[in-house]
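User: Can you walk me through the aromatic rings in this one? I have the structure open.
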Amino acid sequence: MNSFGDRFPAALLAALRDARHVTTLTGSGISAESGVPTFRDAQTGLWAKFRPEDLATPEAFQRNPKLVWDWYAWRRSLVAQAQPNPGHHALVDLERRVPRFRMVTQNVDGLHQRAGSRDVIELHGNISRTKCFEESVLIPSWTETGETPPPCPNCGGPLRPDVVWFGEALPQAALDQALEASQSCDLFFSIGTSTLVHPAASLPFQALQHGATVVEINPDPTPLTARAHHVLRGPAGELLPALLRAAWPAQNAT
Ligand code: OAD
């Protein structure tokens with residue numbers, strides 16, 4: 001692994017300082033240092049231990065709603081115990097430093113918002129929200145009846161997490177905003193994502209096509225690596241704060 005530390009390419013530092021519009025796409029890797037498991041890392045990823053087709057599809061929920069509800073309840077408790085890490089905080093700092101900043105995330109853990117990021121575009125929903133499986137309306141609260149999953153207070157159908165499952169469409173408004181942000185930025189960061197799950201995975205390529213400088217931050221290579229202008233190999237929680245310190249040393253010294 002080649003960690004740049006404070007020796008980032010001058011062209012990257014200049015692109016960051018001169019950027020008018022920065023868009024970031026984050027994936028589960030940015031929350032790894034908060035103790036939230038990724039999906040595809042070989043030993044620690046959720047999909048190394050669980051089968052997505054048993055837990056993250058509408059069919060799985062219809063087959064065994066209790067199993068799926070309980071699995072998300074377990075993940076919700078993991079996320080509730082986790083704290084935003086220096087990578088999340090560095091992106092809040094970056095948001096304050098550039099004229100226009102858009103945050104797009106595939107994460108459902110809400111850690112960007114807890115760190116202080118504003119207007120986060122959530123492509124895959126949020127595990128803290130619950131909706132009705134039948135009618136897809138958000139349900140902020142319900143009465144515990146002892147049933148798992150609890151019944152919807154409106155229609156009696158089962159409640160489910162407000163996350164996007166395999167085979168489901170992404171929320172259209174979020175996808176439209178993410179596309180616009182990717183196509184109109186001058187600097188795009190792809191952070192902690194395997195760049196395998198579409199349509200999110202197409203966003204850095206949209207940014208490239210529209211002339212943005214694209215930076216990847218990830219300990220491992222992805223399908224984006226060969227096309228990215230700059231590849232920073234290592235954990236986001238170390239590299240992002242170091243990158244900001246290198247780009248704006250004077251402000252950090254005061
Ligand atoms: P993945 O598990 O596919 O990829 C995580 C990426 O984070 C990998 O490329 C790791 O190398 C990288 N990584 C690990 N630790 C890191 C660190 N400390 N700093 C930076 N990067 C690190 O997760 P996603 O790309 O988020 O979808 O997965 C995309 C989607 O697939 C998820 O949103 C989820 C999943 O199935 C749904 O649930 C719909």
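Analyst: Here is a short tour of the ring pairs, the cluster and the charges over rings. Keep in mind that this is a predicted model.

User: How many aromatic pairs are there?
Analyst: The count is 11 aromatic pairs.

User: Take F50 and W74. How are the rings placed?
Analyst: Their centres are 5.8 Å apart and the planes make an angle of 55°. That falls between the 30 and 60 degree cut-offs, so the pair is tilted.

User: What parts does that pair tie together?
Analyst: F50 is in the loop between helix 2 (46-49) and helix 3 (52-55). W74 is in helix 5 (residues 65-81). The pair therefore links parts 24 residues apart in sequence.

User: And how accessible is F50?
Analyst: F50 is partly exposed, at 27% relative accessible area. W74 is partly exposed too, at 36%.

User: What about F61 and W165?
Analyst: Also tilted, because the planes are at 35°, with centres 5.5 Å apart. F61 sits in helix 4 (residues 58-63), and W165 in the loop between strand 5 (159-163) and helix 8 (172-184). So this pair joins parts 104 residues apart in sequence.

User: Is F61 buried or exposed?
Analyst: Buried, at 1% relative accessibility. W165 is buried as well, with 1%.

User: Which residues form the aromatic cluster?
Analyst: F39, W47, F50, F61, W71, Y72, W74, F133, W165 and F166 form one cluster.

User: Switching to charges. What lies over the face of W165?
Analyst: R160, at 3.7 Å from the ring centre. Elsewhere, the charged end of R76 sits over the ring of W69, 5.5 Å from its centre.

Terms used
Residues numbered from 1 in each chain as written. Predicted model: local features only at pLDDT ≥ 70, side-chain atom pairs only at ≥ 80, totals over all residues. Heavy atoms only, no water. Phe/Tyr/Trp six-rings, centres within 6.5 Å; stacked < 30°, edge-to-face > 60°. Helix = DSSP H or I, 4+ residues; strand = E, 2+ residues; numbered from the N terminus. Buried < 20%, exposed > 50% of the residue type's maximum accessible area, 1.4 Å probe, protein only. Lys NZ or Arg CZ within 6 Å of the ring centre and 35° of its normal.
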